Amino acid sequence: MTETELDPVEERVREQYIIDSDFHLNVTVEELLPYVDDERIERKLDQFGHPPGTQYWTAAYATNEGGRGLDTQGAAHDGEDILEAKEEVGIDVPVVTPGLNYLPSTHNPRMKTAVCRAYNDYLLDEVVDVDDSILAQAMMPQWDPEAMLEEIDRMASEDSIVGAYGWFGPYTPLGGPEYDPVFERLEELDMPLSLHGSGGYWPRHDPIGEGMRTWSEILGLGWPVHAIMHVANMIMTGVFDKYPDLRVLVQEGGVNWLPFVAYRLDEFYQDHPEDIQLTERMFDAEMAYLERLPSEYLFDNFYFATQPVAGPPNTKHHRQLLEMCHADETLLFSSDWPHHTFDSPNWLYTKHVGEDLRNRIFHETAEEVFGLDR
């Protein structure tokens with residue numbers, strides 16, 4: 001299973017209870033075929049594999065490991081593979097996320113909705129039933145809010161399903177009122193919404209996209225920009241005024257931008273607040289202003305997976321940055337196994353992270369976000 005040797009996991013890390021909030025399953029479309037519930041869609045997937053998309057960028061040129069770096073550490077196709085991998089990485093509870101992050105950029109909404117349903121059924125049969133320590137997020141057909149709601153209702157009763165998994169990216173932000181039934185249902189279920197980076201990347205036929213040349217630009221900066229815009233859109237359209245208990249976990253979108261966005265949104269909102277009342281949700285509620293400053297929603301309703309941690313080399317600066325990010329309340333450890341961007345849990349045993357903060361990031365905040373009992 002393992003393709004490259006990981007840095008040894010320190011013994012003190014193995015003694016720590018760790019929940020990994022972004023641990024990827026590598027299931028293929030071929031493995032999902034028995035779970036596709038429409039003969040027409042199954043036949044086309046069998047003929048042509050993963051449905052075609054709009055992705056133009058590849059990491060293959062950026063690493064000597066071969067391929068696109070998606071299985072640098074290995075590959076997990078089922079629950080047994082997950083158990084083996086989590087032992088190697090030194091974590092206790094993997095929260096499994098899909099490896100099909102190119103799906104939202106593909107064509108044919110009915111086809112990709114069928115793939116979502118098939119993935120979730122495969123998850124129940126082949127992954128989470130293997131061991132009680134394996135938890136997972138159900139993949140959501142985000143392009144169809146009605147189908148998304150149906151899938152939430154179908155999966156929410158499963159004890160091992162702890163979140164609804166969607167994507168940020170160059171797609172329609174989620175602040176539109178068409179998502180209100182989804183938010184309402186998630187709030188009723190006390191279930192978080194997760195938004196992960198996707199295979200959409202920066203639009204290729206765009207002035208900025210035309211000029212970018214390197215994977216460091218596209219993945220390293222493109223994903224945080226998309227994450228910022230999705231977060232800001234949900235805040236500024238009043239999602240959390242209407243659904244104050246909704247929790248949103250942002251995965252692989254970075255964390256170091258939190259202070260910048262908090263201060264900048266607060267300043268611009270206080271200087272230019274009048275258009276808030278014209279957004280659909282606020283207009284219908286006859287609300288002229290947000291009930292709180294944007295930064296308060298950012299730090300109270302959003303959570304952020306740590307990978308890629310990308311901390312400054314200066315210990316003092318890293319400690320200050322974590323404090324400015326409200327790390328004890330907002331951050332959940334994630335490894336991003338098995339991707340080339342993998343983060344070992346060893347990094348939390350450094351001078352800038354004390355024991356209390358370490359426990360918060362390793363498991364306590366995740367227990368709160370996912371509603372877990374030890």
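At what angle do the axes of helix α3 (residues 39-48) and helix α5 (residues 109-126) cross? They cross at roughly 90° and come within 10 Å. This is a predicted model, where local features need pLDDT of at least 70, side-chain atom pairs count only at pLDDT 80 or more, and totals for chains, interfaces and linings use all residues. Residues are numbered from 1 along each chain, and side-chain values use heavy atoms, leaving out hydrogens and water.

**Helices α3 and α5**
- The two helices, α3 and α5, are therefore roughly perpendicular (65 to 115 degrees).
- Ile-41, Lys-44 and Leu-45 of α3 make the contact (heavy atoms within 4.5 Å) with Arg-110, Met-111, Ala-114 and Val-115 of α5.
- Helices here are DSSP runs of H or I with at least four residues, and strands are runs of E with at least two, numbered from the N terminus.

**Strand β7**
- Strand β7 (residues 302-305) is covered on both faces.
- Strand β6 (residues 248-251) pairs with β7 in the parallel sense over three bridges; pairing takes at least two DSSP bridges.
- Tyr-303 in β7 stands opposite Leu-249.
- Strand β8 (residues 331-332) runs parallel to β7, joined by two bridges.
- Ala-305 has Leu-332 of β8 as its bridge partner.

**His-205**
- His-205 sits in the loop between β5 (193-196) and α8 (207-211).
- Its relative accessibility is 63%, so His-205 counts as exposed (over 50%).

Methods
Buried means under 20% relative accessible area, exposed over 50%, partly exposed in between (1.4 Å probe, protein chains only). Axes are lines fitted to C-alpha atoms, for helices over the stretch in contact, and angles run from 0 to 180 degrees between N-to-C directions. Angles under 35 degrees count as roughly parallel, over 145 as roughly antiparallel, 65 to 115 as roughly perpendicular and the rest as oblique.
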